[in-house]
Amino acid sequence: MSAQPRAVQDSRRIGELQRSQQQEEFRRALRALLMQPLMAPGHEDFPAVRRQAVRLSDWFAREAGWPLIVEREGARLFKRPADLTDPTRGLAEYDRRRYVLLCLACAVLERADSQITLHVLGDRIRQLASDPALTACGFEFSLRKATERRELVSVCRTLLDQQVLERVAGDEENYVRENGWDQSDALYDVQRRMLAGMLAAVRGPSTWRAEAAPANFEARLHSLVAEHVADTEQGRRDALRHHLARRLLDDPVIYTGLLDAEHQAYFVNQRGAMGARLAEAAGLTAEQRAEGLALTDESGQLTDIVMPSEGTESHATLLVAEYLARLLHEAPKSAVVTDDDVAAFLRDAIGRYGRYWRKSAREPGAEVELTRTAVDNLHRLQLVSHRNREIRPLPAIARFELRNPVVGTETNRQ
């Protein structure tokens, strides 16, 4: 009589353990895809992504409207941004020119054999760059300058990081140098499946006929990611939910006051449930405040900029955040400073904390570069707005305010 209940209890515990392990694997795979939307089969979390492929695909489609394709050769989450005008997005140290080179490199690789050398890649990019449509825009690429070769090497390393290319022999380092660069070379394998996943757009830019192409850059950008929205009430609600979920998964915080009326109305009513769903699936913490909603990652794994962190720039950024948070607390409606104000604050901070900073940060004028870095970091974290050299602290920066401690007594406890 006693054996049956014991077996049932053991079976229940095993079932609970399996469900817990499945949920943890799902969360790990989801977070991995958010960090690495184009995932090669050699990625440490790719086995988990493959095992959880159906559930992940359903979740991303339902919550964010992002398609997910998982195959033996790799996985691609088509993670399209909610805000196409956000200048803080994109690859580090990439400007528009470098993105053009990246696109030209992908075009060359699409037509290349299974292996290609750095010299051949550069030469074919140079040929494509001579297209009249590009030269009419002022784009030039000749490989004669070290800066141009450095750009090519940077693009190659991006493709290596994405595992579109795999280095077989040689290296890129000597290719940049003025002397002997034409004797330096590298050989790569081209990974077709990863190459095919590079573009996350809804449609390819080459699908337009010349006479039908969008008239300007902004129109072209929106046309690349324009998605079909069902002309029904549910279709419109889904589009609103997807837009807000994309922002919450991509950005540190959504401020209610910065949304348009339609998104704001949906967000105010649904932010609690939406935040809870996204936080539970991705292992984040939802913080609801009067000004909006933030999804924070206590591990710092899902953020490009970790605060607090080690190093001179990180310490300077933290000091500026505390300075701006104090200003916001003292004058919520008029807390606006300039780049020069922040530079003056950091110049004073060098006198107090400079002995802990690297030597170059203590030199005269170093506060200008520290200001640029600190404000850029805070802007990327949506803790400040920065326009025309004016800096306005945003509500979420209040978490960095340091207040004087209050010593508890029997009187003030009551």
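Student: What is the handedness of the crossing of helix 12 and helix 13?
Tutor: Right-handed. Bear in mind that this is a predicted model.
Student: And at what angle do helix 12 and helix 13 pack?
Tutor: About 120°, with the axes 11 Å apart. Helix 12 covers residues 312-330 and helix 13 covers residues 339-353. The two are therefore oblique to each other.
Student: Which residues meet there?
Tutor: From helix 12, His 315, Ala 316, Leu 319, Val 320 and Tyr 323. On the helix 13 side they meet Asp 341, Val 342, Phe 345, Leu 346, Ala 349 and Tyr 353.
Student: How many of the residues in that contact are nonpolar?
Tutor: The contact has 9 nonpolar residues, along with 1 polar and 1 charged.
Student: Switching to the open sheet: what is the strand order?
Tutor: It runs 7-9-8, with 3 strands in antiparallel pairing. Strand 7 (253-255) and strand 8 (285-289) are at the edges; each has a single partner strand, so one side of each lacks a neighbour in the sheet. From one strand to the next, the twist averages 10°.
Student: How many bridges pair strand 8 and strand 9?
Tutor: There are 5 bridges, in the antiparallel sense, and strand 9 spans residues 292-296. Gln 288 stands opposite Leu 293 of strand 9.
Student: Which helix packs on the sheet?
Tutor: Helix 11, residues 261-282. Helix 11 touches strand 7, strand 8 and strand 9, and its direction makes about 5° with that of strand 9.

Definitions and conventions: Residues are numbered from 1 along each chain as its sequence is written. This is a predicted model: local features need pLDDT of at least 70, side-chain atom pairs count only at pLDDT 80 or more; totals for chains, interfaces and linings use all residues. Side-chain values use heavy atoms; hydrogens and water are left out. Axes are lines fitted to C-alpha atoms, for helices over the stretch in contact, and angles run from 0 to 180 degrees between N-to-C directions. Helices (H or I, at least four residues) and strands (E, at least two) are DSSP runs, numbered from the N terminus. Angles under 35 degrees count as roughly parallel, over 145 as roughly antiparallel, 65 to 115 as roughly perpendicular and the rest as oblique. A crossing is left-handed if the near helix is turned anticlockwise from the far one by less than a right angle, and right-handed if clockwise. Contact means heavy atoms within 4.5 Å. Ala, Val, Leu, Ile, Met, Phe, Trp, Tyr, Cys and Pro count as nonpolar, Asp, Glu, Lys and Arg as charged, and the others, Gly among them, as polar. Two strands pair if DSSP finds at least two bridges between them.
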